[in-house]
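Reader: I have a model open and some time to go through it. Can we take it piece by piece?

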Amino acid sequence: MDAQIIARWQFGITTVYHFLFVPLTIALSMLVAVLQTIWYRTGNDNFLRLTKFFGKLFLINFAAGVVTGIVQEFQFGMNWSEYSRFVGDVFGAPLALEALLAFFLESTFIGLWIFGWDRLPKKLHLMAIYLAAIGTMLSAVFILAANSWMQNPVGATFRNGRAELTDFGALLTNPVFVATFPHQIAAAYMVAGGLVAGLSGWHLARLNKARTDAPAGTDLSYTGTHVKAEHVERDVTTWRWAAKFGAWVLLVSSVATMITGDLQAKAMTEAQPMKMAAAEALYQTTDEAGFSVFTIGSLNGEDELFSLRVPYLLSFMATGTVHGTVQGIDDLKAQYAEQGFLREDGTKTELQATYADILKTQDVKVTPNVPVTYWSFRLMIGLGALGALVGAWVLWALRGGRNPMPTRLWQWSMALLPFMPLFAISFGWIMTEMGRQPWIVAGVLPTLTAVSPSVSLGEAILTMVLFTLIYGVLAVVEFGLILKYNRAGLPEVAPVEVIEDEDAPLSFAY
């Protein structure tokens with residue numbers, strides 16, 4: 001074990017943890033804006049209560065995401081100084097724009113939204129949450145552009161001992177980015193839709209049982225939530241609408257995720273054929289390749305005892321035709337030994353070509369961790385599909401004016417529904433990053449050479465342990481706050497009136 005391994009573990013732990021908050025921030029901000037828009041247009045306070053309820057959960061999630069995300073950029077300079085030196089001219093541009101444009105936009109207008117309920121006209125206050133949501137989307141644009149460049153390093157050349165940017169526009173037209181951005185946004189809406197449907201379905205079932213068991217015209221209480229008798233039907237109607245709204249968002253975004261995921265698989269195969277081969281544990285180049293849903297055999301996939309396969313599916317995912325040829329791991333290793341790193345069509349980007357002579361002097365083992373790549377790919381697909389099925393079940397259970405009862409299966413399904421697409425998207429990122437190995441910049445910079453030479457093994461272990469403990473505490477706090485405010489249920493709201501007194505203190509609306 002060396003410092004490079006620990007640095008990778010540290011970055012992986014902090015990145016995966018931070019990313020748990022990212023998709024919810026991106027999509028829930030827009031769903032809250034939609035809820036507030038419906039309230040603004042209709043004047044129905046049920047939608048104001050939903051806006052306040054999910055808005056509070058959004059703010060908790062946003063705060064946790066900011067705190068955990070700050071660490072990421074520091075790690076580039078601390079644990080990965082050689083990486084920062086090599087790619088700083090390229091990678092720094094989108095990161096700077098993300099901070100100066102996207103983050104400042106979202107943080108500024110989130111502040112106006114929080115404190116502006118009674119200080120801004122309703123239309124301007126509504127605009128604030130939309131601008132904050134657009135800011136989160138712009139943040140995703142620049143971060144994904146930077147990551148997509150690592151997957152397919154376009155618009156750069158090797159000069160003066162490092163990568164230098166030659167075409168900023170190429171970063172935003174990178175085929176990997178063009179496929180990745182809509183896929184990630186669609187997946188983010190799966191997470192947000194799952195959260196809205198899951199929490200609403202959980203409350204609806206509890207409230208429906210309490211209403212059924214108690215005499216008519218009495219106050220109701222369930223798991224910390226108190227509902228006055230005159231508000232019972234109102235709350236049932238509100239939770240029911242929210243559950244259906246979240247389920248529809250989940251299902252529509254599931255379809256979008258599937259379509260864009262197909263496009264991303266093809267872009268990934270073009271840029272990194274080894275990643276697709278590892279995702280299927282395919283060692284020999286194959287025509288009309290099938291996709292194994294489940295396999296039993298050796299850990300690295302070379303020896304297979306049993307597999308459940310979908311014929312032709314891998315060829316279609318990789319090439320767009322069921323008769324397409326998918327390159328195998330062994331053939332790609334031999335190709336690298338003879339010609340260096342090549343994309344699927346046998347070409348290199350300018351940076352890959354200009355750096356190729358230096359790579360010849362380095363001993364690079366070009367096969368990624370096959371078991372991790374293989375199973376993370378299937379967990380991504382499986383959990384995403386399971387979330388979509390539960391979303392469809394929610395709509396089925398609410399058909400024709402029906403309301404669910406809190407059976408054990410229903411309540412566990414609702415509680416776990418937000419986590420299904422969330423963990424699916426997390427496993428997708430694990431597959432994306434682990435499948436790129438051993439490269440930190442595909443076909444150019446091996447991960448082994450990018451670590452800070454001055455960081456010792458002991459220092460790397462110490463900081464990894466400290467960050468893990470701190471993030472664990474943050475997880476308990478953040479999850480505890482979400483549970484607390486979820487149990488409280490829909491808040492009561494007063495009429496929103498704008499205060500004209502300029503000297504009146506700002507009030508925190510949550």
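Reader: Where is Ala281 found?
Author: Ala281 is in the loop between H9 and strand E5 (286-287). Keep in mind that this is a predicted model.

Reader: What is phi of Ala281 near?
Author: Phi of Ala281 is near 50°, a positive value in a residue other than glycine.

Reader: Buried or exposed, that Ala281?
Author: Ala281 counts as buried, at 15% relative accessibility.

Reader: And Asn160, where is that?
Author: Asn160 sits in the loop between strand E1 (156-159) and E2. Asn160 is another non-glycine residue with a positive phi, near 60°. At 67% relative accessibility, Asn160 counts as exposed.

Reader: On to salt bridges. How many does the count come to?
Author: The count comes to 8 salt bridges.

Reader: Which residues are linked in a network of salt bridges?
Author: Asp89, Arg159, Arg162 and Glu164 form such a network.

Reader: What about Glu164 and Arg159, how far N to O?
Author: The side chains of Glu164 and Arg159 meet at 3.0 Å, N to O. Glu164 is buried at 11% relative accessibility, whereas Arg159 is partly exposed at 40%.

Reader: Which residue does Lys266 form a salt bridge with?
Author: Lys266 pairs with Asp262, and their closest N and O atoms are 2.6 Å apart. Both lie in helix H8, 4 residues apart, about one turn of the helix. Lys266 is partly exposed at 21% relative accessible area, and Asp262 is partly exposed at 22%.

Reader: How far apart are the C-alpha atoms of Arg240 and Arg402?
Author: They are separated by 9.5 Å, with the two residues 162 residues apart along the chain. Arg402 is in the loop between H13 and helix H14 (408-416) and counts as partly exposed at 42% relative accessibility. Not counting residues up to four places away in sequence, Arg402 touches Arg240 and Ala397.

Reader: How do the lining residues divide?
Author: Into 22 nonpolar, 13 polar and 2 charged.

Reader: Now helix H11. Which of its residues are buried?
Author: In H11 (residues 329-339) the buried residues are Ile329, Leu332, Gln335 and Tyr336. They cover an arc of only 120° around the axis, which puts them on the same side of H11.

Reader: What do they pack against?
Author: The buried residues of H11 pack against helix H9 (273-279), helix H12 (350-359), H13 and strand E9 (439-441). The face turned away from the buried side carries the exposed residues Ala337 and Glu338.

Reader: Which residue follows H11?
Author: Gly340, and its phi is positive, near 80°.

Reader: Last one. Which residues does a cis peptide bond join?
Author: Gln437 and Pro438, with omega about 15°. Pro438 is in the loop between H15 and E9.

Definitions and conventions
Residues are numbered from 1 along each chain as its sequence is written. This is a predicted model: local features need pLDDT of at least 70, side-chain atom pairs count only at pLDDT 80 or more; totals for chains, interfaces and linings use all residues. Side-chain values use heavy atoms; hydrogens and water are left out. Ala, Val, Leu, Ile, Met, Phe, Trp, Tyr, Cys and Pro count as nonpolar, Asp, Glu, Lys and Arg as charged, and the others, Gly among them, as polar. A salt bridge is a side-chain nitrogen of Lys or Arg within 4 Å of a carboxyl oxygen of Asp or Glu. Buried means under 20% relative accessible area, exposed over 50%, partly exposed in between (1.4 Å probe, protein chains only). Helices (H or I, at least four residues) and strands (E, at least two) are DSSP runs, numbered from the N terminus. The arc is that of the directions from the helix axis to the C-beta atoms. Contact means heavy atoms within 4.5 Å.
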